Structures are given as C-alpha cells and as structure tokens.
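Have a go at each task before reading its solution.

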Amino acid sequence: MTTQPNASYSYTVRLEAPSRGNAVSKLTRTVEDAGGEITALDVSGSGNDRLRIDVTIAAYSSAHAAQITDGLKVIEGVEVGRVSDRTFLLHLGGKIEMASKVPLRNRDDLSMAYTPGVARVCKAIAENPEDVRRLTIKRNSVAVVTDGSAVLGLGNIGPMAALPVMEGKAALFKRFAGIDAWPICLDTQDTEEIIRTVKAIAPGFAGINLEDISAPRCFEIERRLREDLDIPVFHDDQHGTAIVVLAALTNALRVVGKDLAAVRIACSGAGAAGTAVIKLLLDAGAKDITVADYRGVVHSGRDDLGPEGSDLRWVAEHTNPAGYAGSLREALAGADVFIGVSAPNILTGEDIATMAPHSIVFALANPDPEVDPGEAREHAAVVATGRSDYPNQINNVLAFPGFFRGLLDAQSHDIRPEMLVAAARALADVVHEDELNANFIVPSVFDPEVASSVAAAVKNVAATAK
C-alpha cells in the first residue's frame, strides 16, 4: 500500500551546515528523494562559516525517519546533532491535567472550598443524593475505562501502555465537548473484577466510556454494567464506530443514489466493532447484510456460533437472509457495499471489481485496510478508510464527544438504539448538500457543528423518552 509522510512520525533534526554553498538545498533534496517531507526549516544559530538549522521532517514510519536521517549524515559538510521525535515530546509528562475552577487565595476561600464549609455541602448531598449532579463534578464527568487488552491495532499491551491513548481520549472529550474525562486503566483482565471495579467507582461519574477491551469480554462487561448502573455505559469501539459508519454510509448512498433498505451489504469482521455496526445498520433500516469472519460467511449452520445469546449466534440469526455459506470474496460479488472492520489486505482491486456498479467500500482496518484504497478507487464510486492520509476518514472522534454531551445534558440513565441512529443521522446532515461528494462524506472533526449537532439529537431522543 502507498505510504505518505504524516504528522504521526514528525521529527526535528538539529544539524550544522556550511553557511555558504548549496548545503541547504542538498538537505531539502535528500529528504524529498527519500520520500520525506520538510514541514519547517529554522535557522537557530549563525556564525561566519556555519549555520545551526532545525529541520522538521514528516516520515511515514520510524524506520523511514532513520533512513532520512542517515541520508543527511552523508551530505558533505553537514553534521547531524540531536534528533527529536515530536510525538514523544508532545507526550512528555502526559497530555492532561486537573485544574481548579475556583480561586484559593486566602483562608476564607479555603474554608468554603474545603473544611469546614464543605461539610455543609456533603450533608446536603447525603440528605438529597440527586444534588450530587448540581454540587459536584459528577454531572460533567466521564470515566474512560480500559484493561489494555485491545489497544488500537497494538493488541494486548496492558494498562500502563494503554494510558497514553486514554489520556488522548480525555483530551478529545474536553476539546470537542467540554467534558471532564478521566483515564482509568485497570490492572486486571478478569471480567468480573472489571465489572466490580467500574461499579465501585461509578458514583463519581455521569457516564462510563469503555475503551480498548477485547472481545468477547467487552460484550459481557458492557451488558452487565448497563443492567447494574444508573448512568449510561458506552463502548466506543462498538458504538462510536457504528455511529460514524452509519453516518458515512448514509451520505455515500446519497452520492450514488441508492437506498439503505435496497442495497446488499457484505461485511468483514464479526468482533466488537463489526457486530455493533451490523446491529445499528439493521436498526436504521438495512435489510440484506452478509457477514464473514476468518472462517468464512456467518450462517446458522456453522458449528462455532456459541450458546444461545452469544453475539456470533445473534449475527447468524439476523443476517445472511439467503443462507449463503461461502467465502467473503464470493459474498462480495454483486454487493453494493463492503464494510471491513477486520484484518489488512484480505481483498484486492479485482475483488472490488466484482461488486455492483457504483459500489461503496469502507475498508477500516488500521493502519492497513482490508484492501488498498488506491486499488479500490479504480472500481468503487466511494471509498472510506480509518486512515488520516486518505479522504473520508471514519474517525470515532466525530461521534463520542457529542454523543456524551447529549447524554450528560439530558441526565440520561441509559443508551438506546434510537439515540445511536439519531446521532448518525445528525452527523451525516452536518455535510451540507452543496458540500457532498465522493471524497467528502463525513465532516471534519474540527467542524464546530459536529459535536453540537450530535449532542442535540441525542438530547432530544433522551428527552422524548422521559
């Protein structure tokens, strides 16, 4: 698959070069010839004969960055000094902090914010527990909970290695929805212990965001917590992904002039994200979905569906209306839509060519999609990925901040399917008719309408149900 330099692999190289001659142009040419991109070049010091230069370079991997740096070292007259990884620098000391909302300037301030004045507030909450939302941070707080078992595309790397992701999630909650989110990384992968722990910390939060917990445990954890808690429990890997996929598909179908109820959809992946996507598509009106996993198409005759009530058995019972029992490639032939939330490079451009005219391809495996986006574009009318270096990025940040904002504003106690559908439709409508095209089916994450539109839709559904 074609790789492009991006900000994830951004490095600043400090070097010295002759002040005369063509050393600077050689630097630029060396970086470009190696496939990198210079995003900044700053002269940080100068002498009669030498320049100290900080060159900021975008690469596409750590190995690529090392290759570029090695190329700079062999330029005559250039001495390479410190190489700084800008992504690691951004994470130094963590990305979030707690800040007081009230001044603590003198004894009076301290007496009201803490003892003895705070005791009056504690007693008021003890007498009327509903006041906890009015008098504490609970009403605007979300716990971002993980066990580190399924972090991004990295797998089971544990709770400490998961912390940078959870910090990032908390930062996104604050940036896009003004929500105070707190990373909770649990040093256990035992289902019952996770459930007990989350229930124990729940009094301090108005919502729980489960994150990067592996399937199938994540299904049981989410189900049990929803049953036992009086605050909403949202599994972003499932429901956030599903919301954005439905929103993107809604607009992709508008581009090609097809209707959700009439199209044939082939899906790859029956894990947490895949199952949630399938459920939401059915809730939104899809009629014909065929799902494949690593063993082939899921159908009611398979012997590995698990017990009654298992998610894979649910998929078998609610999809594949034709009872097909073949492979993903065979199921893809003639399909209008492909949605992949599975594994890299399982399809080719030739496979996409067998789909129906004006087909739609969502290849969402990260960082390497199920099919090369360039090859898919040769045959499909609309292509989306999970990557930031291609158009139509399916990014959960389009959904979860606004979704939780709506839940918190409505003081909702649960999450219902109609909330997810409403959020997806609101997100799709952020892309206005005069903006919609094959390369713009989802809005920018920085569009100010995104979070507010999703929040309003969710709040409206929650208020209607009360």
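A residue is called buried under 20% relative accessible area, exposed over 50% and partly exposed in between, using a 1.4 Å probe and protein chains only. The model is predicted, so local features need pLDDT of at least 70 and side-chain atom pairs pLDDT 80 or more, while totals for chains, interfaces and linings use all residues. Residues are numbered from 1 along each chain as its sequence is written, and side-chain values use heavy atoms, without hydrogens or water.

**Exercise 1.** Work out how Phe-234 and Phe-404 are arranged as an aromatic pair.

*Solution.* Start with the rule: rings of Phe, Tyr and Trp (its six-membered ring) pair if their centres lie within 6.5 Å, and planes under 30 degrees apart are stacked, over 60 edge-to-face, the rest tilted. Here the centres are 5.5 Å apart and the planes make 75°, giving an edge-to-face pair. Next, check burial: Phe-234 counts as buried because its relative accessibility is 0%, and Phe-404 is buried at 0% too. Finally, widen the view: ring pairs join Phe-173, Phe-234, Phe-400, Phe-403 and Phe-404 into a cluster.

**Exercise 2.** Find which side of α18 is buried.

*Solution.* First list the buried residues of α18: Val-450, Ala-451, Val-454, Ala-455, Ala-457, Val-458, Val-461 and Ala-462. They share one side of α18, because they cover an arc of only 165° around the axis, taken from the directions from the helix axis to the C-beta atoms. Then look across: Asn-460 and Thr-464 are exposed on the other side of α18. Lastly, name the partners: the buried residues pack against α7, α16 and α17, where contact means heavy atoms within 4.5 Å. Helices are DSSP runs (H or I, at least four residues), numbered from the N terminus.

Conventions. Helix = DSSP H or I, 4+ residues; strand = E, 2+ residues; numbered from the N terminus.
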